[in-house]
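Please study the sequence and the structure before reading each solution.

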Amino acid sequence: MTKTLKQKLSLPLIGLLILIIIVISGFLFFNRMLQAPIKIENIHVDTKSALKLNVLKQISKKNGIKEWELTASSATLLKDKNKALLEDVMISFFTKDNKQIDLTSEHGTLNTKTHDMTFSGNVITQYGTFIMRTEKLHYTKKEHIIHTNTHVKLEKTDSTIDADSMVTRLNKNETILTGNVRGTFSEDFNIK
């Protein structure tokens, strides 16, 4: 073989050999990186929570009749407490004649056994054209009532009623206000 032919063949072979060495080195480097244990630091583990849900939607029925439908933007189920902590709560309660009462609140707790609930933080309830505002409201499933011992304000157009406490019996379409009940009413005020 002539010297020029050897040079022509050796140059590509050397280049190919260098390329093979680079590929094998890269493969070994990345393989080693994948096998190295990953260090995760600053992890916070909530030992009180059993489960955290980003969205919760639940419906409660009694004898085939829907009593309420609940949606929350997040729910944290607590270990050994039968309790769920809710955020950004929206719930619709239904009367036995299928009328709907809508409630929103910033926070809530749900007893996962009894389905009793407490709502807090800017609690707003709407029934037809009536709006009720309070800071804390409770729901008792067994009696199917909502109640509070915190100041309530009922509003309808230009009329308002304030009271220290309130009980609404959902199956009887009955609301009882107690404690310093006072109000201002417009001429066209209608309770229905």
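**Exercise 1.** Which side chain does the side chain of histidine 115 join in a polar contact?

*Solution.* The model is predicted, so local features need pLDDT of at least 70 and side-chain atom pairs count only at pLDDT 80 or more, while totals for chains, interfaces and linings use all residues. Residues are numbered from 1 along each chain as its sequence is written, and side-chain values use heavy atoms, with hydrogens and water left out.

Step 1. The partner is glutamine 58, whose side chain is joined to that of histidine 115 by a polar contact of 3.4 Å. A polar contact is a pair of N or O atoms within 3.5 Å; within protein, one must be able to donate a hydrogen and the other to accept it, and residues adjacent in sequence count only if both atoms are side-chain atoms.

**Exercise 2.** Is valine 23 buried or exposed?

*Solution.* Step 1. Valine 23 belongs to helix α1 (residues 3–35).

Step 1. Buried means under 20% relative accessible area, exposed over 50%, and partly exposed in between (1.4 Å probe, protein chains only).

Step 2. Valine 23 is exposed because its relative accessible area is 52%.

**Exercise 3.** How many helices and strands does the chain have?

*Solution.* The chain has 1 helix and 13 strands.

Methods
Helix = DSSP H or I, 4+ residues; strand = E, 2+ residues; numbered from the N terminus.
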